[in-house]
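I opened this structure for the first time today. These are my notes, in the order I took them.

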Amino acid sequence: MGFMLEIVTPDRNFFSDEVDMVIVRGIEGDLAVLENRAPLLTPLAIGKVRITKDEKKRVAAIVDGYISVQKDKTTIITDSAEWPEEIDIERAERAKIRAEKRIKEKPEGLDIVRAENALKRALNRLEVANIKKINDENFNQ
Amino acid sequence: MAQSTRDIKRRIRGISSTRQITKAMELVASAKLRKARERLEKSRPYYNTVYENIQQVLKDTKNLNHPYLKARKGDRAVYIVVSADRGLAGGFNSNINRLVEDEIRNKKDKVSLVTVGLKGRDYFKRRGYNVIGEFLHITEEPSFSHAKAIGNLIMDIYEKGEVDKVYIAYTKFITTISQEAKLIRILPNDELKEGQAEKNAIIEFEPSPDEVLDYLIPKYIQSVIYGALIESSCSQQGARRTAMESATDNAEEMIDELQLSYNRARQAAITAEISEIVSGAEALK
């Protein structure tokens with residue numbers, strides 16, 4: 001049997017179920033969590049969460065956050081999490097163009113880190129949304 | 001007599017339309033209250049988990065000199081005041097404003113304010129306080145990004161050493177009919193202390209406990225602010241609902257009374273008329 005995974009955002013309990021494996025992007029690189037992993041606490045980068053359960057996979061886009069692995073359960077805390085079907089592609093596209101423009105033009109007083117993060121978030125959303133388009137059937141539970 | 005019955009009629013009509021308005025506002029407030037409460041319930045697991053995780057890190061780290069946890073000598077303070085954007089909510093706005101003003105009245109030059117909501121901003125600006133940040137029109141539906149913006153603003157000035165203490169004043173939601181204005185200190189933070197959580201398994205920290213802590217503490221501050229915003233928005237709707245409910249009740253009571261005096265006046269007019277006719281007929285005999 002797998003282990004308990006919870007994904008918590010400030011406005012909802014995004015996900016809560018038994019899973020076999022979860023892959024996240026930590027700030028030090030990707031890491032996969034399996035059952036009985038030693039307790040761990042680490043911040044996450046903007047990226048994907050890949051959940052595997054009974055040969056089925058699901059992907060979600062997350063923005064910032066951290067993962068806490070404990071004996072009885074694993075928790076991912078993030079500011080915002082979205083399934084591919086929830087992503088507003090047009091909005092992400094617009095955000096991407098806006099961020100790219102800002103980085104290129106470098107206006108006075110531009111917070112470059114913030115602009116880059118905005119771009120990363122947009123790219124991440126688009127990527128996750130595209131996964132859904134390519135093989136729709138595989139990712140729907 | 002005829003004049004006075006018409007006057008009473010007009011007043012009854014006026015009060016009825018006021019009652020309609022307060023009744024509608026009451027219904028709107030209760031619908032919003034239900035939504036706000038749901039949001040409050042949903043935000044709790046987030047806050048609890050962040051708090052738990054910080055406690056775990058704190059018992060494993062030596063970094064208790066973190067700037068957010070260490071007390072400072074000075075007494076320059078920032079107060080975050082969470083009020084509402086609109087009135088007609090009973091004592092909601094005045095309670096919170098008074099609580100803060102009592103605290104800062106004698107140290108005007110050392111205190112600056114960050115106000116959330118129009119009512120708080122207007123109140124303190126009019127009295128000449130130094131308002132360094134204002135967040136308007138977010139009190140009904142606060143989102144985490146608002147909390148983040150407020151958090152980053154105050155953490156920024158705190159790190160620069162421009163202030164020594166940060167407080168937040170909000171209204172705690174106890175029940176639908178009772179709310180309590182509260183003032184808590186968020187920086188430096190007392191809630192986070194060494195070794196409160198019981199020692200259990202050894203936890204790995206990637207890349208290091210200190211860095212994880214550096215990441216977690218701002219998250220915690222943000223989630224405290226978010227919690228305060230949400231509690232306040234619940235309280236606001238609760239207070240407004242109660243205020244409008246009693247306004248509606250009062251209007252109904254007034255209408256009943258007026259209706260009674262209207263009936264009396266009408267009856268008196270009829271009686272007077274009859275007695276005039278009777279005495280007129282009597283005189284003809």
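**Chain B, burial and layout**

I began with chain B and looked up burial: 32% of its 285 residues are buried. I kept in mind that this is a predicted model.

Next I listed the secondary structure. Chain B has five helices and six strands. I read them off along the sequence and got α-β-α-β-α-β-α-β-β-β-α. Is chain B a compact globule or more spread out? I looked up its radius of gyration, which is 28 Å. The globule rule gives 19 Å for 285 residues, and 28 Å is well over that, so chain B is more spread out than a compact globule.

I then took the box along the principal axes. The C-alpha atoms of chain B fill roughly 115 × 45 × 25 Å. I also checked contacts between residues at least 6 apart in sequence. In chain B, 79% of these join residues at least 24 apart.

**Domains of chain B**

I looked up the domain division. Domain 1 of chain B is made of 2-26 + 245-276, and domain 2 covers 27-242. I noted the distance between their centres, over C-alpha atoms, as 48 Å.

How many residues does each domain bring to the contact between them? Domain 1 of chain B gives six and domain 2 of chain B gives seven. On the domain 1 side, helix 1 and helix 5 of chain B each supply at least two residues. Helix 1 gives the most to that side, with four residues. I sorted the domain 1 side by class and found two nonpolar residues, one polar and three charged.

**Chain A**

I moved to chain A. I found three helices and nine strands there. What order do they follow along the sequence? The pattern is β-β-β-β-β-β-β-β-β-α-α-α. I checked the radius of gyration of chain A too, and it is 16 Å. The globule rule gives 14 Å for 141 residues, and 16 Å is close to that, so chain A is as compact as a globular protein of that length.

The box for the C-alpha atoms of chain A is roughly 55 × 35 × 25 Å along the principal axes. I looked up burial here as well: 30% of the 141 residues count as buried. Among contacts in chain A with a separation of 6 or more, 52% come from residues 24 or more positions apart.

I then turned to the UniProt record. An unreviewed entry lists residues 3-81 of chain A as "domain: ATP synthase F1 complex delta/epsilon subunit N-terminal". I checked that span in the model. It is 0% helix and 76% strand, and its end C-alpha atoms lie 20 Å apart.

**Where the chains meet**

Last, I looked at the contact between the chains. It takes 20 residues from chain A and 22 residues from chain B. On the chain B side, helix 1 (2-58), strand 6 (204-205) and helix 5 (209-284) each supply at least two residues. Which element of chain B gives the most to this side? I found that it is helix 1, with ten residues. By class, the chain B side has 13 nonpolar, five polar and four charged residues.

Strand 5 of chain A, residues 40-53, pairs with strand 6 of chain B in the parallel sense, over two bridges. I also noted which residue A:Leu40 faces: B:Glu204, in strand 6 of chain B, stands opposite.

Definitions and conventions. Residues are numbered from 1 along each chain as its sequence is written. Chains are lettered from A and ligands numbered from 1 in the order in which they are written. This is a predicted model: local features need pLDDT of at least 70, side-chain atom pairs count only at pLDDT 80 or more; totals for chains, interfaces and linings use all residues. The radius of gyration is taken over C-alpha atoms; the globule rule is 2.2 Å times the number of residues to the power 0.38. A residue is buried if 20 or more other C-beta atoms lie within 10 Å of its own, exposed if 12 or fewer, and partly exposed in between; C-beta atoms are placed from the backbone. Two residues are in contact if their C-beta atoms, placed from the backbone, lie within 7 Å. UniProt positions are given in the numbering used here, feature names are shortened, and annotations may be inferred rather than shown by experiment. Ala, Val, Leu, Ile, Met, Phe, Trp, Tyr, Cys and Pro count as nonpolar, Asp, Glu, Lys and Arg as charged, and the others, Gly among them, as polar. Two strands pair if DSSP finds at least two bridges between them. Domain bounds come from an automatic or database domain assignment.
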